[in-house]
Amino acid sequence: VNVAILDTGVDTQHSDLAPNIAGGYNTFTGSNDPTDDNGHGTHVAGIVAALDNGIGVVGVAPEARIWSVKVLDSHGFGADENIVAGIDWVMARKHEIGGDWIMSLSLGSPQLSYVERDAFKKVIDDGIVVVAAAGNHASEDVQYPARYPGVIAVGAVDSTGKLAAFSDHGPLLTIVAPGVQVLSTAIHGSVPAAAVSVSGTLIAASAIEGSSKGEIVGTYVICGLGRVEDFPQDTPGNIAVIERGELTFNEKVRNAQAARAVGVIIFNRDASDYHSWTLLRPDCSSIAGCDDPTHPWPVVLAVSADDGEKLVSNPQHALDMGAWLDDYKFLSGTSMATPHVSGVLALLWSLDPDAAPSRLRGALLSTTRDLGDPGFDLTYGYGLIDAVRAAMAFAPARFENRVKQPREPSDPAIP
């Protein structure tokens, strides 16, 4: 089964994706190099078909063949011409090599385009199943291309099955799928990540912008607000734990370096966000070199106020801290819900490759889990996708020998 992802491109070198990527096209350059310079398309691709290889994540259809069609630029924008060019390329490739094709579009616009509408009609008439994101404006009108006739419009729900606050819905919504805090693939080495372990207890942490990458193991000392006089005599060779406040992060860390600390943890003073702190201050004038990105900063992490208080109350413990670049990240949106549906469709079609697209669509929509009012409703459409029920409806002969065995007394309860 072929899944064409019309998006920002895909990181073709990602170890969790590369073997499933069959090729692609860049509508901006006219080349066969759809390199992802944004990250959105790579995340979408992982939801569809990240490999079942024991690392990272597993896609919904981990053996699907992925075609990356770059129709959005590095900022996530594209014109009607890009979408139509991408559609034309997918149709040409389908006619060239045959097979079953699904087109997944995690993108949208409030504006109707007659040229685009005609292109989608042509592609659906050609037997390609089209899935598109409903949109993220909490509106009762889904976006285009999800609004076009024949397109499966996908809304997003959270882990409790509740419609995501941002998800578009309404009379033209078709179906819903998971779309809140979805973990999937990111461009290789693009996501800052960090963690702190105190005597084996893990603490959530965030790398402050400018921090070095690496791991430090040692004991930590409490260094107040990070003023020069706050660093105790045993700071050298240890990790400095500093409270936010009074000085800039830049000054705190420079003072820690002057005191010969080997790493720095700064804890918050309230419940505010601590994931976007930076050591680079281009707006300052009183700190020499404060906006110098070449300064050799140590590993500098941020933690919450609660976790900081725990550190302060138990000083001199062993601590393991690290910062690195990751290949995976969490994103939310109907953009994340859409590839869940595309992946389920790929799984179904693999059970009966000769089936008509209409039967594929019928199996998907007739087996959903009802989340709202009975039947179709304006919040959840036909309901939440259910891959197993849809598969059994689509290809019942493939499940004839599926016999339920009695559970042994020693077996754990299965929710």
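Helices (H or I, at least four residues) and strands (E, at least two) are DSSP runs, numbered from the N terminus. The structure is a predicted model, for which local features need pLDDT of at least 70 and side-chain atom pairs count only at pLDDT 80 or more, while totals for chains, interfaces and linings use all residues. Residues are numbered from 1 along each chain as its sequence is written, and side-chain values use heavy atoms, with hydrogens and water left out.

Open space was examined with a grid. On a 1 Å grid over the protein atoms alone, a pocket is an open set of points where a 1.4 Å probe fits, with protein on both sides within 12 Å along at least five of seven lines; lining residues have an atom within 4 Å of a point. Grid points are joined across faces, edges and corners, and a volume is the space filled by probe spheres set on the points. The largest pocket holds about 510 Å³ of space. Its lining comprises 31 residues, of which Gly76, Ser106, Leu107, Gly108 and Ser109 are the closest to the pocket centre. Two or more lining residues are given by each of α2 and α6 (334-351), and α6 contributes the largest share, three residues. By class, the lining of the largest pocket consists of eleven nonpolar, 17 polar and three charged residues (Ala, Val, Leu, Ile, Met, Phe, Trp, Tyr, Cys and Pro count as nonpolar, Asp, Glu, Lys and Arg as charged, and the others, Gly among them, as polar).

The second largest pocket contains about 190 Å³ of space. Leu183, Val191, Pro192, Ala193, Asp326, Tyr328, Lys329 and Phe330 form its lining, to which the strands β9 (191-198) and β17 (328-331) each supply at least two residues. Six of these lining residues are nonpolar, none is polar and two are charged.

Helix α6 also takes part in helix packing. Axes are lines fitted to C-alpha atoms, for helices over the stretch in contact, and angles run from 0 to 180 degrees between N-to-C directions. Helix α1 (residues 40-49) packs on α6 at an angle of about 35 degrees, with the axes 8 Å apart. The crossing of α1 and α6 is right-handed (the near helix is turned clockwise from the far one by less than a right angle; anticlockwise is left-handed). His40, His43, Val44, Ile47 and Val48 of α1 make the contact with Ser335, Met336, Pro339, His340, Ser342 and Gly343 of α6, where contact means heavy atoms within 4.5 Å.

Between α6 and helix α7 (residues 357-366), the packing angle is about 120 degrees and the axes lie 10 Å apart. The two helices, α6 and α7, are therefore oblique to each other (angles under 35 degrees count as roughly parallel, over 145 as roughly antiparallel, 65 to 115 as roughly perpendicular and the rest as oblique). Their crossing, that of α6 and α7, is right-handed. On the α6 side, Val341, Val344, Leu345, Leu348 and Trp349 meet Pro357, Leu360 and Leu364 of α7. The contact of α6 with α7 has eight nonpolar residues, with no polar and no charged ones.

Helix α2 (residues 80-97) and helix α3 (residues 114-125) pack at about 15 degrees, their axes being 10 Å apart. This angle makes α2 roughly parallel to α3. The crossing of α2 and α3 is left-handed. Asp80, Ile83, Val84, Ile87, Asp88 and Met91 of α2 are in contact with Val115, Glu116, Ala119, Phe120, Lys122 and Val123 of α3. Eight nonpolar, no polar and four charged residues form the contact of α2 with α3.

Backbone geometry was considered last. Most residues other than glycine have a negative phi, and most peptide bonds are trans. In the loop between β5 (129-133) and β6 (152-157) lies Pro145, and the peptide bond from Tyr144 to Pro145 is cis, with omega near 10 degrees. Ala138 lies in the loop between β5 and β6 and has a positive phi of about 55 degrees although it is not a glycine.
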